[in-house]
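Dear colleague,

Please find below the structure that I am handing over to you. My notes on what was found in it follow directly after.

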Amino acid sequence: MDLETYQGHGLHLVFKDEYPNKTVNGRTNSEILDALDTSGDVQYHPCPEAYPGQDTPTGEVQRYKKWSKSAIYPGTERTISIYVPNLGDSGYSGEYKLLVFQDGDGYSNRAGPIRATKVLDTLIHNREIGPAIGLFVNSGVPESAVTGADDRQVLRQRSIEYDTCNGKYARFLIDEVIPFMESEVGLPMSENPKDKIICGISSGGICAFNAAWHEPAYFGNVISHCGSFINDRGGNQFQYLVRSTERKDIKVFLQSGEMDADIILGSWPLANQTLASALEYAGYDFRFEFGTGGHNLRHGGSLFAETLRWLWG
C-alpha cells in the first residue's frame, strides 16, 4: 500500500485521539469497560506466594510523589515507588536483579490482584529467585491536568508514553528513572539483561514488550498482561515485525483471556494469540497463558510467582 492510499484510509491517524466518542456499527471503544470485571475472572485469585509466612521479612518501599525530573517527557509528574528486599543479616554483597513495572501502583498494591512486593518477599526469602529491586513507575500526568483539566489528558499522556512504538519510553527508563532509582538505593545492580524484567498490563504490556524490543541489550525479559497489541499507535504491527525481523534475545511471557477486551481498535484475545503465533514462528523463548478472564490482572496475579520462577528460576 502506497503512502497516499494509506493516508486516504486514515490509517495514519490515532483513532481514539481523532474520534474519542465515535460509534461505528453500533459499537464504541467504551465497551472496554465491560471487560474489566467478568464472569471468567471468578476462578482467579492472588498466588499463594502473595501471602508471606510470619517468618518472611518484609521489604522496604520508598514512595516518591510528583517526580518531575524528566527531560524526555517535560511538563509531567508521576509517582515512583522503589522496593528493596529485607535480607536481614544474610551478609549479601552481590548484585541485585531489577523488575520495572508500568502502572506501578496497580502492581504494588498490597491488597490488589498481583501484590508484587509480597510475592517478591516470599520468593527472595525462599531463595527461589535472587535479591531484586522492584521499580514501580506510574505514567505521567501533564501539568495542565494537575491543575484541573479533564482526565482525557491523563489517559492521552499514558497512551503516548505506553502505546507509541518507538524507543522513547525505554530511554526514559534507562537514562532518567533507573539512574534516579540507583542513586536512591545505593546498591550494586546487575548489568546482565537477563537479570532485568519489564512488566505491564494493557498499554503497559505493549510498553514492556516495546521497551525490550528496542533495548534488548538492557531488558532481557518481558511480562505482558493483556497487552494492547491492537491498532493503537501501531501496536498491531508487532506481529509482522516479529516475523520479519531477526530474532532478538528476549524472553517473553504473554497472558490474555477469552473475555479480554474487544472494541473498535481491535480484539485483545486475537491480538495476543496472533503475537504468540509470531513469536513461535520466529523461534522466541516465550510462554503464552490464555485463560477465561477479562482485561485485568486477576489471571496474571494467580500466575505471578510462577511467572517470575519461569523467567528467573
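R127 is exposed, with a relative accessible area of 75%; here buried means under 20% relative accessible area, exposed over 50%, and partly exposed in between, with a 1.4 Å probe and protein chains only. R127 belongs to the loop between helix 4 and strand 4 (132–137), where helices (H or I, at least four residues) and strands (E, at least two) are DSSP runs numbered from the N terminus. Although R127 is not a glycine, its phi is positive, at about 60 degrees. Most residues other than glycine have a negative phi. R115 is likewise not a glycine and has a positive phi of about 55 degrees. R115 is located in the loop between helix 3 (104–108) and helix 4 (116–125), and with 14% relative accessibility it counts as buried.

Please note that this is a predicted model, in which local features need pLDDT of at least 70, side-chain atom pairs count only at pLDDT 80 or more, and totals for chains, interfaces and linings use all residues. Residues are numbered from 1 along each chain as its sequence is written, and side-chain values use heavy atoms, with hydrogens and water left out.

Salt bridges

A salt bridge is taken as a side-chain nitrogen of Lys or Arg within 4 Å of a carboxyl oxygen of Asp or Glu. The search of the whole structure finds 14 salt bridges. In one of them, E49 is joined to R309, with the closest N and O atoms 2.4 Å apart. This pair links distant parts of the chain, 260 residues apart: E49 is in the loop between helix 2 and strand 1, and R309 is in helix 12 (residues 304–312). E49 is buried, with a relative accessible area of 15%, whereas R309 is partly exposed at 27% relative accessibility.

R63 and D105 form another salt bridge, the closest N and O atoms being 2.9 Å apart. Because R63 lies in strand 1 and D105 in helix 3, the pair ties together parts that are 42 residues apart in sequence. R63 is partly exposed, with a relative accessible area of 41%, and D105 is partly exposed at 28% relative accessibility.

In the salt bridge between D195 and K97, the closest N and O atoms are 2.8 Å apart. D195 lies in the loop between helix 7 (168–185) and strand 6 (196–201) and K97 in strand 3 (residues 97–102), so the pair ties together parts that are 98 residues apart in sequence. Both D195 and K97 are buried. Elsewhere, salt bridges that share partners join D17, R156 and R233 into one network.

K97 also lies over the face of W312, at 5.1 Å from the ring centre; a charge sits over a ring if NZ of Lys or CZ of Arg is within 6 Å of the ring centre and within 35 degrees of the ring normal. K251 lies over the face of W310, at 4.5 Å from the ring centre.

Aromatic pairs

Rings of Phe, Tyr and Trp (its six-membered ring) pair if their centres lie within 6.5 Å; planes under 30 degrees apart count as stacked, over 60 as edge-to-face and the rest as tilted. By this rule there are 19 aromatic pairs. One of them, Y162 with Y169, is edge-to-face, at 5.5 Å centre to centre and 85 degrees between the planes. Y162 and Y169 are both buried. The ring centres of W213 and F238 are 5.7 Å apart and their planes are at 75 degrees, so this pair is edge-to-face too. W213 lies in helix 8 (residues 203–214) and F238 in helix 9 (residues 238–244), so the pair ties together parts that are 25 residues apart in sequence. W213 and F238 are buried. Ring pairs also link Y64, W67, Y73, Y162, Y169, F172 and F180 into a cluster.

Cysteines

The structure holds zero disulfides, a disulfide being a pair of cysteine sulfur atoms within 2.5 Å. The closest cysteine sulfur to that of C207 is in C165, 9.7 Å away and too far for a bond. C207 is buried, with a relative accessible area of 2%. For C226, the closest cysteine sulfur is in C199, at 11 Å, again too far for a bond. C226 is buried, with a relative accessible area of 0%.

With kind regards
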